[in-house]
Amino acid sequence: MDLASGSGSTDPVEPPEPSPPQPQQPSRYESQKRRDWHTFLQYLSNHKPPLSLTRCSGAHVIEFLKYLDQFGKTKVHVTSCPYFGDPKPPAPCSCQLKQAWGSLDALIGRLRAAYEENGGKPESNPFGVRAVRMYLREVKESQAKARGIPYHKKRKRTGGGGGGSGTTTLVKVSVDDDGDGGDGEAESSGAPATSIV
C-alpha cells in the first residue's frame, strides 16, 4: 500500500492541519470597559461645545454621571415622598429612577482604567480626582437615606476556641467609603473633605 499516493482503503486518515489560533474573546469586564469608554467619548463629542479628552476635567465626569441618571433603574425617593427611607415601599410612587451608586462606582473604576490604557497619564486622570470621589460618596449616602439601606462597614468577627469545629472564620466585608473604585489608592492631600465641586 502506498501512503504517499493515498491509495488503498486501509490507509490511516491524516490529521487535519491545525487551524490558526482563534483570538481570545475579551472578558466581560474588558468588553464592558470598552463599551463604557466609547460611550464616554461619544458624550464628549456630543457635548455643547464638543470637548476633547485632554480638556476633560472632574467636573465633566460628574456632568456625565448626572446625564446617565436618565437611564437609571433604581428608584430613589425624594425627602417629601412618604416612602423616603423605606427599603420596601408598599406601593409605587412618582419618584424618579436613577443610576444606583454601585453602578456608578463600578463605571468610574472601568473608565479610570480605560483612560490610562488609552494613553492617559495617571496624574491627569479625570476619573480619579477628588471631586469625582466626593460626588460618588454623596450619591452613596443620599441613596442610602432615600432607600433606607444602611451602608455600614462591618467589623471582623472573631470566633471562640482553637481550630476545632464550630470556629468562626474571620470575615471582613466593607463598602468602599471613598468611592474610588476600590483600587486602594490613597488620597494625595491629608485634608478632610469639607466641600463638593
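Helices here are DSSP runs of H or I with at least four residues, strands are DSSP runs of E with at least two, and both are numbered from the N terminus. Read along the sequence, this protein goes α-α-β-β-α-α, which comes to 4 helices and 2 strands. What you're looking at is a predicted model, where local features need pLDDT of at least 70, side-chain atom pairs count only at pLDDT 80 or more, and totals for chains, interfaces and linings use all residues. Residues are numbered from 1 along each chain as its sequence is written, and side-chain values use heavy atoms, with hydrogens and water left out.

**The overall picture**

- The protein has 197 residues, and 29% of them are buried. Buried means under 20% relative accessible area, exposed means over 50%, and partly exposed is in between (1.4 Å probe, protein chains only).
- Take the contacts in the protein with a separation of 6 or more: 60% of them come from residues 24 or more positions apart. A contact means heavy atoms within 4.5 Å.

**How H1 and H2 meet**

- Two packed helices are described by the angle between their axes and the distance between the axes.
- Helix H1 covers residues 28–46 and helix H2 covers residues 58–68; their axes come within 11 Å and cross at roughly 105 degrees. The axes are lines fitted to C-alpha atoms, for helices over the stretch in contact, and angles run from 0 to 180 degrees between N-to-C directions.
- That makes H1 and H2 roughly perpendicular to each other. For the labels, angles under 35 degrees count as roughly parallel, over 145 as roughly antiparallel, 65 to 115 as roughly perpendicular, and the rest as oblique.
- On the H1 side, Thr 39, Phe 40 and Tyr 43 do the touching, and they meet His 60, Val 61, Glu 63, Phe 64 and Tyr 67 in H2.
- Sort the residues of this H1–H2 contact by type and you get 5 nonpolar, 2 polar and 1 charged. Here Ala, Val, Leu, Ile, Met, Phe, Trp, Tyr, Cys and Pro are nonpolar, Asp, Glu, Lys and Arg are charged, and the others, Gly among them, are polar.
- Buried residues in H2 include His 60, Val 61, Phe 64 and Leu 68. The cover over the buried residues of H2 includes H1, H3 and H4.

- Rings of Phe, Tyr and Trp (its six-membered ring) pair if their centres lie within 6.5 Å; planes under 30 degrees apart are stacked, over 60 edge-to-face, and the rest tilted. The count comes to 11 aromatic pairs.
- One of them joins Trp 37 and Phe 127: the ring centres are 6.5 Å apart and the planes sit at 65 degrees, so this is an edge-to-face pair.
- This pair links distant parts of the chain, 90 residues apart, with Trp 37 in helix H1 and Phe 127 in the loop between helix H3 (101–117) and helix H4 (130–147).
- Trp 37 is buried at 6% relative accessible area, and Phe 127 is buried too, at 1%.
- Phe 40 and Phe 64 also pair edge-to-face, with ring centres 5.0 Å apart and planes at 80 degrees. Phe 40 is in helix H1 and Phe 64 in helix H2, so the pair ties together parts that are 24 residues apart in sequence. Both Phe 40 and Phe 64 are buried.
- Ring pairs gather Trp 37, Phe 40, Tyr 43, Phe 64, Tyr 67, Phe 71, Tyr 115 and Phe 127 into a cluster.

- Asp 36 is in helix H1 and is buried, at 9% relative accessibility. Leaving aside neighbours within four places in sequence, Asp 36 is in contact with Leu 107, Arg 110 and Leu 111.
- Tyr 29 is in helix H1 as well, but is partly exposed, with a relative accessible area of 40%.
- Not counting residues up to four places away in sequence, Tyr 29 touches Gly 109, Arg 110 and Ala 113. The C-alpha atoms of Tyr 29 and Arg 110 are 8.2 Å apart, though these residues are 81 residues apart along the chain.

- The whole structure has 0 disulfides; a disulfide is a pair of cysteine sulfur atoms within 2.5 Å.
- For Cys 93, the closest cysteine sulfur is in Cys 95, 3.8 Å away, which is too far for a bond.
- Cys 95 is in no disulfide either, and its nearest cysteine sulfur is that of Cys 81, 3.7 Å away. Cys 95 is buried, at 9% relative accessible area.
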